[in-house]
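Hello,

Here is the structure I said I would pass on. My notes on it follow below.

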Amino acid sequence: MSTKKFLLSIFLGLEVLVFSQEKKILFIGNSLTYYYDMPKMLEKMLNEETDHSYKIIQVTFPGAQLQHQINAGVAKIRFAENAWDDVVVQHGTLGYYVPEEVEKNILPSIKTLQKYDISGKAKFYLFSTWVDKQKYPFKNCYPKMLYSTKGEDQSEKYCSKEFQNRDEQKKYLENQYSLIAKETQIVKTKHSAMEYVFEKKYPYFNMWDDESHPSKIGSYFNACVFFKTFSNSSLKDIKENFGIYPETALIIRSFVEEKYSEF
């Protein structure tokens, strides 16, 4: 074999090796996922400080719940296009408070998405979105007609319990996440639990854009938690702040790096 052919074979071999090390992550959700382009933040962070090359694709639409994603058909197409290493699913937080929404929509939707993974290699994660801010007492309801074609009276509803404070709401939400993760055999992420503690420790940081959506700082926090979810590398070596004050970004990265294993 000539030197030229030998070098070419080495180059092609290295190219195949690099391609085989690319990890593909699929996000399926709504604005609670895509606010401030959080998945792209995460992709840039992972590619900055890890041994793998990461490619992140998102199927995210405003207000879309998991059953809407299935009905739209885009998620199924994305599964047919690629063999994903990791899949993150996210439903609107309010739905977790209503038992019938969990039973009739959230659980069946997650199980349907799992069936789309023909390769059987994907590891699924339940994005535990934060404990949303409410006025108390708080109760969430959905019309029964959303779940049936029998033409129920619009006044008939499925409702959550009545929550008296945010701590009670947080305890219930975390329990719902755990039950769903157990039933579907997927991994519950640590976002909700970690943000709740971080917000109490650093109340002067503006983590919210409104009662349910994260601010840019909050989205950066979410990206940092996902970084530790998918990588063993240290967040303290990340240099990209995405326009956030460097001191603020460092506090967030340090908190997530040091506390991640405790949750």
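Eight aromatic residues are joined by ring pairs into one cluster: Trp 130, Phe 198, Tyr 202, Tyr 204, Phe 205, Trp 208, Phe 221 and Phe 255. Please keep in mind that this is a predicted model. By the pairing rule used, the structure holds 25 aromatic pairs.

Two of these pairs can be described in some detail. Tyr 34 and Tyr 35 make a tilted pair, with 6.5 Å from centre to centre and 35° between the planes. Tyr 34 has a relative accessible area of 25%, and Tyr 35 has 22% relative accessibility. Buried means under 20% and exposed means over 50%, so both count as partly exposed.

Phe 221 and Phe 255 also form a tilted pair, at 6.3 Å centre to centre and 35° between the planes. This pair connects distant parts of the chain, 34 residues apart: Phe 221 belongs to helix 9 (residues 216–230), and Phe 255 to helix 10 (residues 246–259). Both Phe 221 and Phe 255 are buried.

The charged end of Lys 190 lies over the ring of Tyr 260, at 3.9 Å from the ring centre.

On to the salt bridges. Searching the whole structure gives 15 of them.

- Lys 24 and Glu 22: the closest N and O atoms are 3.6 Å apart. Lys 24 has 17% relative accessibility and counts as buried, because that value is under 20%. Glu 22, at 21%, counts as partly exposed.
- Glu 43 and Lys 40: the side chains meet at 3.3 Å, N to O. Both residues are in helix 3 (residues 38–49), where they are three residues apart, about one turn of the helix. Glu 43 is at 12% relative accessibility and counts as buried, whereas Lys 40 is at 34% and counts as partly exposed.
- Glu 168 and Lys 161: the closest N and O atoms are 2.9 Å apart. Glu 168 counts as partly exposed at 25% relative accessibility, and Lys 161 counts as partly exposed at 39%.

The volume of the largest pocket is about 170 Å³. It is lined by 14 residues, and the closest to the pocket centre are Leu 32, Gly 92, Thr 93, Leu 94 and Ser 212.

Regards

Conventions: Residues numbered from 1 in each chain as written. Predicted model: local features only at pLDDT ≥ 70, side-chain atom pairs only at ≥ 80, totals over all residues. Heavy atoms only, no water. 1 Å grid on protein atoms, 1.4 Å probe; cavity = no way out; pocket = protein on both sides within 12 Å on 5 of 7 lines; lining within 4 Å. Points joined across faces, edges and corners; volume = space filled by probe spheres on them. Phe/Tyr/Trp six-rings, centres within 6.5 Å; stacked < 30°, edge-to-face > 60°. Buried < 20%, exposed > 50% of the residue type's maximum accessible area, 1.4 Å probe, protein only. Helix = DSSP H or I, 4+ residues; strand = E, 2+ residues; numbered from the N terminus. Lys NZ or Arg CZ within 6 Å of the ring centre and 35° of its normal. Salt bridge = Lys/Arg side-chain N within 4 Å of Asp/Glu carboxyl O.
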